[in-house]
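Let us take a friendly walk through a protein model together. Keep the sequence and the structure in view as you read.

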Amino acid sequence: MQNRVIMLVDFDYFYAQCEELRNPAIKDKPIVVGVYSGRTEESGAVSTSNYIARKFGVKSGMPLFLAKRKLEGADAVFLPVDHQCYDQLSERIMLILRGYATSFEQVSVDEAYLDVTEQVEGSFEKARNYAQKIKDDARNQVGISFSVGVGSNKLVAKIACDSQKPDGLTIVKPEEALAFLKPLDVDRLLGVGKKTSTKMAELGIKTIGDLAKYDMQKLVAVFGKTLGIYFHNAANAIDNEPVQEQGEAESISRIGTLKQDTRDLEFILQKTDELTEDIFKEIKEKKLNFKTVSIYAVMTDLSSKTRSVTLEQPAKDKEAIKRNTKTLFEKYLLESTLEIRRVGVKVSGFIKEELQQKRLSSFFQSE
Ligand code: TTP
Ligand code: CA
């Protein structure tokens with residue numbers, strides 16, 4: 001199999017960078033964004049700070065009064081978190097990033113994995129230019145900078161990204177991965193917290209390199225089968241986790257109010273066709289196949305009914321939604337005598353196209 005090219009994008013000092021963007025006048029000052037608990041003027045904790053403030057020793061999670069003390073006389077700016085603002089900027093950048101990848105996985109408000117294997121034809125040389133292009137695009141369109149790590153799997157991409165911030169671009173080629181991980185402390189691996197690293201230290205394991213050459217059976221004996229094998233693989237830069245959309249919607253639906261109460265099929269279908277256009281946009285963008293189409297009707301007495309049909313084959317076209325919506329409403333109108341006030345369309349039972357193919361290919365590999 002061709003090696004994968006995976007990117008991890010992590011926005012730089014994100015909340016504080018958003019604040020700089022909306023008020024460039026504060027850009028050259030230390031900026032601290034915090035959650036104010038409200039008990040006293042100073043009680044609360046630091047969410048994040050820009051890199052200027054970090055030079056004074058300010059860290060995420062630190063009590064605000066301590067950050068204030070560290071920044072005394074530094075003309076620092078303290079701001080309360082504004083999630084609405086950060087979420088909006090995040091969404092805009094994520095939308096741009098999504099367009100650059102075959103599969104995309106947002107892991108938090110400021111982090112996402114991109115599988116760009118196809119786009120760069122499996123080449124890590126091309127990946128550098130490609131990553132730079134994405135960085136430039138986000139900076140031009142939104143004005144936010146981020147760091148990128150590139151590796152042959154999510155694990156390497158993540159650690160690569162962490163190694164150079166802000167505005168970093170770190171490429172770790174497959175043949176460099178082991179040497180890259182070797183000197184790093186074990187707690188750089190996902191799932192190795194304080195307790196685990198203490199236990200590993202007792203076994204004489206301090207670095208990822210130590211862990212990589214430690215006997216796997218012994219790891220299994222100490223940490224159990226699942227974790228033992230995971231630690232062994234991770235330290236050896238082995239990670240086959242696919243880049244995959246998380247929390248995929250289980251259904252996509254739209255509801256609208258009719259211009260007038262009616263039992264006229266054509267009139268109803270005008271509205272549901274509008275709703276379908278909207279639904280179709282979303283399933284096309286997310287590359288989804290659906291197996292179920294449902295309708296929803298709210299009558300003039302405000303009672304509501306739903307009707308569904310499950311297709312024999314997964315479909316992905318607009319016509320399948322329209323056709324089934326029509327059939328469902330035709331049948332429904334025969335059952336009820338009330339006029340309809342609101343209508344809705346829903347598709348569900350999703351199967352992701354790429355995923356179908358991927359599952360198939362990994363099935364063949366394991367044979
Ligand atoms: P991070 O990516 O950990 O940090 P960052 O983006 O501020 O800085 P950088 O990546 O350049 O090191 O977290 C992303 C956002 O999550 C951060 O901007 C604020 C929020 N956050 C908290 O609210 N509390 C915390 O303890 C941490 C670590 C982050
Ligand atoms: Ca970040």
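How far does a polar side-chain atom of Asp10 lie from an oxygen atom of ligand 1? The distance is 3.4 Å, and a polar contact here is a pair of N or O atoms within 3.5 Å. Before going on, note that this is a predicted model, where local features need pLDDT of at least 70, side-chain atom pairs count only at pLDDT 80 or more, and totals for chains, interfaces and linings use all residues. Residues are numbered from 1 along each chain as its sequence is written, chains are lettered from A and ligands numbered from 1 in the order in which they are written, and side-chain values use heavy atoms, with hydrogens and water left out.

**Around ligand 1**

| Residue | Distance from an oxygen atom of ligand 1 |
|---|---|
| Asp10 | 3.4 Å |
| Thr48 | 2.5 Å |
| Tyr51 | 2.7 Å |

On its own, ligand 1 has 560 Å² of accessible area, and the protein covers 68% of this; such areas come from the Shrake-Rupley method with a 1.4 Å probe. Two or more residues of the shell come from each of β1 (6-11), α1 (14-22), β3 (44-49) and α2 (51-54). These helices (H or I, at least four residues) and strands (E, at least two) are DSSP runs, numbered from the N terminus. There are 13 residues around the ligand, each with a heavy atom within 4 Å of it. Tyr13, Thr48, Tyr51, Arg54 and Lys165 come nearest.

Most residues other than glycine have a negative phi, and most peptide bonds are trans. Pro166 sits in the loop between α6 and β8 (169-171).

Asp75 is not a glycine, yet has a positive phi of about 55°; look for Asp75 in the loop between α3 (64-70) and β4 (77-80). Ala237 also has a positive phi, near 60°, and belongs to the loop between α11 and β9 (251-262). Is Ala237 buried or exposed? Ala237 is buried, because its relative accessible area is 14%, and buried means under 20%.

**Helix α6 again**

How values were computed: A polar contact is a pair of N or O atoms within 3.5 Å; within protein, one must be able to donate a hydrogen and the other to accept it, and residues adjacent in sequence count only if both atoms are side-chain atoms. Buried means under 20% relative accessible area, exposed over 50%, partly exposed in between (1.4 Å probe, protein chains only).
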